[in-house]
Amino acid sequence: MSNHDPLLPDEPLPQRISRIFAWLAGGCILFGCGALISADVVTRFVFKRGMIESFEISGYMLAACIGLGLAFTVTSKSNIRVDILLDAFPYRLRAACDLLAAFALAVIAVALVWFCWKTLAQSWTMNARSTSVMQTPMVLPQGVWWIGLLWFAFMAVLLPLQAILRLLAADQRGFDKLIGSLRVTEELEQAGIDMAKIEPKREVPQP
């Protein structure tokens, strides 16, 4: 049975995992940044001193949010693309541009994972800790950051490969859904507007 839940819609497993990671990223911002900073402000006002290392923790949460949210940015096609001329191109040229952009993003994602892994491995080898009172092992925030980037790279590589298969199967709609540029109707649907409920305006006959 189809799942019509707007928070976890019926979609392929990789896209669903990306969506769950995005919700975790939102939780990091809401609770790890917003709630902690608010609590720190209150304790400074009431007790004249900070009771929580909100500055350090919020930095870790922000890094985790970025890492965990990148894959959903790819699957929802929310990354910035300069596509003002694409609609004027024939379909084959437009598809080639979409594939080029997707593979360029995949290369960048893999490079990010590689360098992040080197940083994480170095922190593990050195048993690196933060210089604050918390003495946080750096492998903890960096590990969450790397997991998010790893999934981001996986999705960035998977989507163009799936798009090529759609293209070989002459599935233009499936290709555009995976890596094609967003159309106005898709942007409206992402904003939560149900296009099926929008009725076309009827012109009032002039007397």
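Residues are numbered from 1 along each chain as its sequence is written, and side-chain values use heavy atoms, with hydrogens and water left out. Because the model is predicted, local features need pLDDT of at least 70 and side-chain atom pairs count only at pLDDT 80 or more, whereas totals for chains, interfaces and linings use all residues.

**Overall make-up**

The protein has 6 helices and 0 strands, where helices (H or I, at least four residues) and strands (E, at least two) are DSSP runs numbered from the N terminus. Of its 207 residues, 31% count as buried, a term that stands for under 20% relative accessible area with a 1.4 Å probe and protein chains only. Among contacts (heavy atoms within 4.5 Å) between residues at least 6 apart in sequence, 65% join residues at least 24 apart.

**Two helix pairs**

Two packed helices are described by the angle between their axes and the distance between the axes. Here the axes are lines fitted to C-alpha atoms over the stretch in contact, and angles run from 0 to 180 degrees between N-to-C directions.

| Pair | Axes come within | Crossing angle |
|---|---|---|
| α1 (residues 13-47) and α4 (residues 139-168) | 11 Å | roughly 150° |
| α3 and α4 | 8 Å | roughly 155° |

Helices α1 and α4 are therefore roughly antiparallel to each other, a description used for angles over 145 degrees, and their crossing is left-handed, that is, the near helix is turned anticlockwise from the far one by less than a right angle. Their contact is made by Pro14, Gln15, Ile17, Ser18 and Phe21 of α1 together with Trp151, Met155, Leu158, Leu159 and Gln162 of α4. These residues divide into 7 nonpolar, 3 polar and no charged.

Helices α3 and α4 are likewise roughly antiparallel to each other, and α3 passes α4 in a left-handed crossing. The residues of the contact of α3 with α4 divide into 29 nonpolar, 4 polar and no charged. In these counts Ala, Val, Leu, Ile, Met, Phe, Trp, Tyr, Cys and Pro are nonpolar, Asp, Glu, Lys and Arg are charged, and the others, Gly among them, are polar.

**The nonpolar core**

A nonpolar core is a set of buried Ala, Val, Leu, Ile, Met, Phe, Trp, Tyr and Cys residues joined through side-chain atoms within 4.5 Å. The largest one has 30 residues, and those with the most contacts inside it are Phe152, Met155, Leu159, Ala163, Phe175 and Ile179. Two or more residues each come from α1, α2 (54-75), α3 (91-126), α4 and α5 (172-179), and α4 gives the most, with 11 residues. Leaving aside its neighbours within four places in sequence, Phe152 is in contact with Leu70, Ala71, Val74, Leu105, Ala109 and Leu112.

Note on methods: Parallel < 35°, antiparallel > 145°, perpendicular 65-115°, else oblique. Buried < 20%, exposed > 50% of the residue type's maximum accessible area, 1.4 Å probe, protein only.
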